[in-house]
Amino acid sequence: MANSLNRQQRQPNPRDGVGPQTCPLAIGPLTLADLKDVMELESVSFPSPWTLATYHSELTRNSRSRYLKVWPVAAAGATRAAAGLVAQGGFMLFGAEMHVVTLAVLPAWRGRSIGEWLLLALLALGRKEGTHTATLEVRASNEIAQRLYRRAGFASVGYRRRYYPDKEDARILALEDLHKSRVWQPLQERFALLSAMMERGVEAPG
Ligand SMILES: CC(C)(COP(=O)(O)OP(=O)(O)OC[C@H]1O[C@@H](n2cnc3c(N)ncnc32)[C@H](O)[C@@H]1OP(=O)(O)O)[C@@H](O)C(=O)NCCC(=O)NCCS
C-alpha cells in the first residue's frame, strides 16, 4: 500500500508530531515487482486502464519501452521502503521521437508537482536516448494534464477524433527540439529544483 511505511525501519524524525509529515521520494525504473501497485494506480487514474498482461509485455518484450516509478523512501539513507508506488509513467522510442504512453500519480499524492517531476524525468531519459521530439495523446477534457504538459513546453499539434474506447477525442501534443539546449536547459533547471525538493520530502497524505 502506498502510505504504509515500514514502521520498524523508520527513523525518528524531529518533525514527528509537529505539523504535517514530510516524505522523501525517489525515482527509478519500474520493474515486474511493481505491477500489482501499477494495477491499483491504473484503476484509480484511467477510465480504460491497461491490463496486467499489457504491462507485463511492455516490461519484458518491448525493447522500445521505458517506464519509471516514484516511490516513498523511509528515511535518509534508506533505500526502498515496502511502501509501494506513488506514481508511474512511460514512453516508447521511435527513432528520434519519444511517445509518452502513460503518466499517473496516486490521487492522494496529486498537486505536489510529482507529475511534473516524473514527466521531466521521462524527458531527461528520452533525451539521453537521442530524442528530438516528444509526443503524446491526452483526453480533450483532461485540463489538469494538459496544463502540466504545456508548462513543460508541449504544444497542440492536432486531434485524433473518437480516439478513446468511450469515443472521446484525443489532443496530440508535441515538444520539439528537446535535443537543443535552448529547449532543454530551462527544463533541466526545473528538474534539478524539483529533484532537490522531492529528496527533501513532500507532505505525505494524511
Ligand atoms: C495528470 C497528473 C499526472 C498530474 O499529477 P500531479 O502530481 O497532480 O501534477 P502536478 O502537481 O505537477 O500538477 C497538477 C495540477 O493540479 C493542481 N492541483 C492542486 N491540488 C491538486 C490536487 N489535490 N489534486 C490534483 N491536482 C491538484 C496543481 O496545482 C497543478 O495545477 P497547475 O498546473 O495549475 O499548477 C494526475 O492528475 C493524474 O494522475 N491524473 C490521472 C491520470 C492522467 O490523467 N494522466 C495523464 C494522461 S495524458
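Which exposed residues does the face of H1 turned away from its buried side carry? The legends below, which describe a predicted model, begin with that helix.

**View 1. Helix H1 (residues 35-45) has a buried side and an exposed side.** The buried residues of the helix are Asp37, Val38, Leu41 and Glu42. Looking down the axis of H1, these buried residues fall within an arc of 140 degrees, so they line one face of the helix. An α-helix has 3.6 residues a turn, so residues three or four places apart point the same way. The cover over the buried residues of H1 includes helix H2 (52-61), strand S4 (87-94) and S5. On the face turned away from this buried side, H1 carries the exposed residues Lys36, Ser43 and Val44.

**View 2. The whole protein, shown for orientation, has 5 helices and 9 strands.** Read from the N terminus, the order of its elements is β-β-α-α-β-β-β-α-β-α-β-β-α-β. The protein has 206 residues, of which 29% count as buried. Among the contacts between residues at least 6 apart in sequence, 66% join residues that are at least 24 apart.

**View 3. The ligand is surrounded by 18 residues.** The closest of them are Arg110, Gly111, Gly115, Glu116 and Ala145. Strand S5 (97-105), helix H3 (114-128) and H4 each supply at least two residues of the shell around the ligand, and H4 provides the largest share, with 4 residues.

**View 4. Serine 113 lies in the loop between S5 and H3.** Although serine 113 is not a glycine, its phi is positive, at about 70 degrees. This residue counts as partly exposed because 17 C-beta neighbours lie inside 10 Å, a number between the 12 or fewer of an exposed residue and the 20 or more of a buried one.

**View 5. Glutamine 146 belongs to helix H4 (residues 143-151).** Leaving aside residues up to four places away in sequence, glutamine 146 touches Val138 and Arg171. Glutamine 146 and arginine 171 are 25 residues apart in sequence, while the distance between them in space, C-alpha to C-alpha, is 9.0 Å. With 17 other C-beta atoms within 10 Å, glutamine 146 is partly exposed.

**View 6. Strand S7 (residues 155-160) pairs with strand S8 (residues 170-175).** Of the 6 residues of S7, the number buried is 0, so the strand lies largely in the open. In a regular strand the side chains alternate between the two faces of the sheet.

**View 7. Aspartate 177 is found in the loop between S8 and helix H5 (181-200).** Here too the backbone has a positive phi, about 60 degrees, although aspartate 177 is not a glycine. Aspartate 177 is exposed because 12 other C-beta atoms lie within 10 Å, and a residue with 12 or fewer counts as exposed.

Note on methods
Residues are numbered from 1 along each chain as its sequence is written. This is a predicted model: local features need pLDDT of at least 70, side-chain atom pairs count only at pLDDT 80 or more; totals for chains, interfaces and linings use all residues. Two strands pair if DSSP finds at least two bridges between them. Two residues are in contact if their C-beta atoms, placed from the backbone, lie within 7 Å. A residue is near a molecule or strand if its C-beta atom, placed from the backbone, lies within 6 Å of it. The arc is that of the directions from the helix axis to the C-beta atoms.
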